[in-house]
Amino acid sequence: MITRLPLIPTLLVLAACGVMIALGVWQLGRSEEKAEMLARFAAIPVDAPALELRGANGWDEDLMYRRVTFTCPAPGPLRSTAGTNASGAKGWTHIAPCALSERDAAEVVLGWSRDPVSVVWSGGDVAGMLGPNKKVFADPPLADLEPLAQPDPKDLPNNHLAYAGQWFFFALTALVIYGFAVRTRLHKA
């Protein structure tokens, strides 16, 4: 029976399944890494002192979810996007890009408003929580805006285990479908 299997399609399916299984194993490893990262963030004391950030040397992943301070000398054009205030109400979040050095930039999430109002902020000292993607959530809010919901590491999903399961399922599905195709071909022969 093995000699009657089509060689090239069988090799292609087995190679594809091998890649899918490797991706599943990789996602299992990523799940463990993400769990460790989330545990580090959860261990940050709420009353930890604020850290001063300076240029490119201050934006380490280990500083996320820490209180930070820095100076934004000249913000770029402000933008607004949908956001949530500290009380859970929906409205507008106002964000200012800040160049900290020739190589490094951050965004200051200034605060919240119910309406998409025009906000004016010319830069200055910033204190707040460093969130993902180099966004500093100002606390207290700036530009006469209301307080925002602060970033919380509990909001970061660790869905790598689900991704691993999907890759393993895809590999199994490919093998089952190929098995049915080969069985049908062999019965016709």
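Two residues are in contact when they have heavy atoms within 4.5 Å of each other. By this rule, and not counting residues up to four places away in sequence, L142 touches V108, L110, W121, D125 and V126.

## Basis of the model

This is a predicted model, in which local features need pLDDT of at least 70, side-chain atom pairs count only at pLDDT 80 or more, and totals for chains, interfaces and linings use all residues. Residues are numbered from 1 along each chain as its sequence is written, and side-chain values use heavy atoms, with hydrogens and water left out.

## Nonpolar cores

A nonpolar core is a set of buried Ala, Val, Leu, Ile, Met, Phe, Trp, Tyr and Cys residues joined through side-chain atoms within 4.5 Å. Buried means under 20% relative accessible area, exposed means over 50%, and partly exposed lies in between (1.4 Å probe, protein chains only). In soluble globular proteins, nonpolar side chains tend to be buried together.

The largest nonpolar core here has 17 residues, and those with the most contacts inside it are F70, V108, L110, W121, V126 and L142. Two or more residues each come from β2 (67-72), β4 (90-99), β5 (105-113), β6 (124-131) and β7 (135-138). Strands (E, at least two residues) and helices (H or I, at least four) are DSSP runs, numbered from the N terminus. Strand β2 gives the largest share of this core, 3 residues. A second, separate core has 7 residues, among them C17, M20, Y178 and L186.

Helix α2 covers residues 160-188. The expected span of a helix is 1.5 Å times one less than its number of residues. The buried residues in α2 are H160, A164, A171, Y178, V182 and L186. Part of what covers them is α1 (7-42).

S31 lies in α1. It counts as buried because its relative accessibility is 13%. Leaving aside neighbours within four places in sequence, S31 is in contact with N158, H160 and L161.
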